[in-house]
Amino acid sequence: IKRLKIRSFQGAKTMVNSSTNGVHIKVEDDTDEMEIMDLQIAESRRGLEDQRFIEPCHTTVHTEPRPEPYDKLRFLYTKRVFHTPPEVMGMTIQSGRKVLERMRDHPMKTFIMSIEAGFLLSFGVLMSFQVGGRWGSSTGVNNFVFGGFGIPFGLTFIVFMQGSELMTANYMYTTLAWLASRKTEWKWEFKALLANWIVCWLGNFTGAVLHFILFAWQSGLIKTIKIKGDNGLPGRSYSDTLDNLEHADVIYYDSIDDFRSDFDDGDLCFRDNYANGNLCKLIQLGYKKSIANFGTTILRGWGCNWMVCLAMWLQSTATEPISKLFMIWLPVTLFVACGFDHFVVNTWLLPGSILVGGTYYDRRLNWGNAFFYNLLPATIGAILGAWCLVFHIWYLYRDSWRIAQEKRATYRPATCHGAIIPQPPSENNYTASLRRPKGVPRDFDPRPVESDDDEEPDQVSIRRQSQSTSEE
C-alpha cells in the first residue's frame, strides 16, 4: 500500500519527492493550505512504476486546450519559455474583449486609464530627451541612445500595469476582438471599438500634455525661450505670459533674430557641455514634424505602430518579466531610432516644442500645423500599421485558434496513468466532484481526513475503517 498525498499551498511551485516509501506531490498556488485528497493506492511494483504514475501528461500542441487552474495537478508543472502564436492570439482577443466591455460599462474608467497611459509613456519620452537629446550629435549612435533609453521603458510600464489604455496598442487588441466576435455582437462591439479609439485618443493626448507641463516645463528640466520687451525684462514669452517660471529656467534674447541666429549658427545647443541639448532637440523635431508632408507622416505612423503592435505581440509570447522587457525594447528602439512617428510621443513633443518657444524659431510650428500635418496623419498611419499585423495574424492562426476553442468547449479532464484528477468541488456533493482512479474501491471515501502531520498512514487507515464501521 502506497499513500499519495496531493496538497495545495500558497505559492507557485511544484515539488515532487519520490522514494521507496511513497510519492509526495506539493502543488503551490494562491489558496490557503488545504488537503485535497488522501488516497491509498495499491501497487505491485516500485521504482519505474512510481515514475510512470506521476509522468507528465500535458501537451504543447497549440490546437490543444491549456489545462484549467484546477487541472494543474494532473501533471508535473513544467514552465514553458514562450507561448505559441495561436495562444498569443487567444490572449490578445481576450484582452481586447475586456477593453471593449470596459468601454461599454465604464467609459470614465477607460478615460482615466488612457490618461495614465499618456503619463507613463511620457516619462520615457522625457528620459529620451534628457539622455539622447544631450548626446551632442545627430549620428547613428545618438539615434540609438535616443531610441533605446527612455521610450521603451514607458511602454514597459504600461504593459506591466496591465490596464492602462494606450491608443496605438488598442488598435490591435480591439480589432482582433471584433473579428473574433459573433455576428450577433458585431454591431455593439464595433460601436465600442470606435468609442474606445476616440476616448483613448483624447485621454492619451491629455496625459501627455499634462505630463510635459508638470514634469518637463514647470519643473525646469527643459528651459524656455523668452524675447525681451521694449523696456527690458521681463520679456515676451509665447506660453509664460504671467512670468511664473524661474529665471534660471529661462533663456532671454533681445530679439527673435538673435534667437534664430544663436540656434542655427551659435553655440546654444552645445553650450555648457550640451546643457541645452534637450531644448534644441525638442524644437528641431517639433519643427520638422509640423512641416512634414501629410502622406509622409502617414507612412511614418504606419511603420511606427507596426513595430509597437509587434512589441505588444512579442511580449505576450514571453512568460517572465525579463523576457517581456527585452521583447518590448527591440521593436520600440527600432522605430524611434529610425525616425518613425508615434502619436502619443508626438502629443508630448509637439505641444512641448510650442510651449518652450519653438514658434519664435519658425511661425509654422504652431497648433494648427501640429494637428493637421502630424497628429491627424499619424493617427491614420497608426491604424494602418496595427491592421498590417492584425489581418496577417488573423489569416494565419484563426483556424488553429477556433479548433482550440471548440476543444475547450467540450474539454473534460481525463486520468493520466491512473492518477486521480481533482475537479472543481461542488457545494452540494463534494464526493461526486472527484474521480475514482483505477484500483480504488467504490466505497472509498475521498474526503480529506483531519489528522495531525505526525500521524502515520496506518493510523489514518485504522481510523477510517473504524469510522466506516461505526456508520454502518
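User: What is a salt bridge?

Analyst: A salt bridge is a side-chain nitrogen of Lys or Arg within 4 Å of a carboxyl oxygen of Asp or Glu. Side chains of opposite charge can pair when their charged atoms come close. This model is predicted. In it, Glu165 pairs with Arg102 in a salt bridge, and their closest N and O atoms are 2.6 Å apart.

User: Which parts does that pair tie together?

Analyst: Glu165 sits in the loop between α5 (151-161) and α6, while Arg102 is in helix α2, so the pair links parts that are 63 residues apart in sequence.

User: How many salt bridges does a search of the whole structure find?

Analyst: The search finds seven.

User: How do I read two packed helices?

Analyst: Use the angle between their axes and the distance between the axes. Take helix α2 (residues 85-105) and helix α6 (residues 167-180). Their axes come within 7 Å and cross at roughly 95°. That makes α2 roughly perpendicular to α6.

User: Which residues meet there?

Analyst: From α2, they include Met89, Ile93 and Leu100. From α6, they include Met172, Tyr173 and Leu176. The residues of this contact divide into nine nonpolar, five polar and one charged.

User: Which residues form the nonpolar patch on the surface?

Analyst: Phe294, Phe371, Phe372, Tyr373, Leu376 and Ile380 form the patch. Together they have about 500 Å² of accessible area.

User: Which helix gives the most to the patch?

Analyst: Helix α15 (residues 367-409) does, with five residues. Phe372 has its place in helix α15.

Note on methods:
Residues numbered from 1 in each chain as written. Predicted model: local features only at pLDDT ≥ 70, side-chain atom pairs only at ≥ 80, totals over all residues. Heavy atoms only, no water. Patch = residues over 30% accessible without salt bridge, like charges linked within 9 Å, V, L, I, M, F, W, Y side chains within 5 Å. Areas by Shrake-Rupley, 256 points an atom, 1.4 Å probe, with all protein chains shown as cover. Helix = DSSP H or I, 4+ residues; strand = E, 2+ residues; numbered from the N terminus. Axes fitted to C-alpha atoms, helices over the stretch in contact; angles between N-to-C directions. Parallel < 35°, antiparallel > 145°, perpendicular 65-115°, else oblique. Contact = heavy atoms within 4.5 Å. Nonpolar A, V, L, I, M, F, W, Y, C, P; charged D, E, K, R; others polar.
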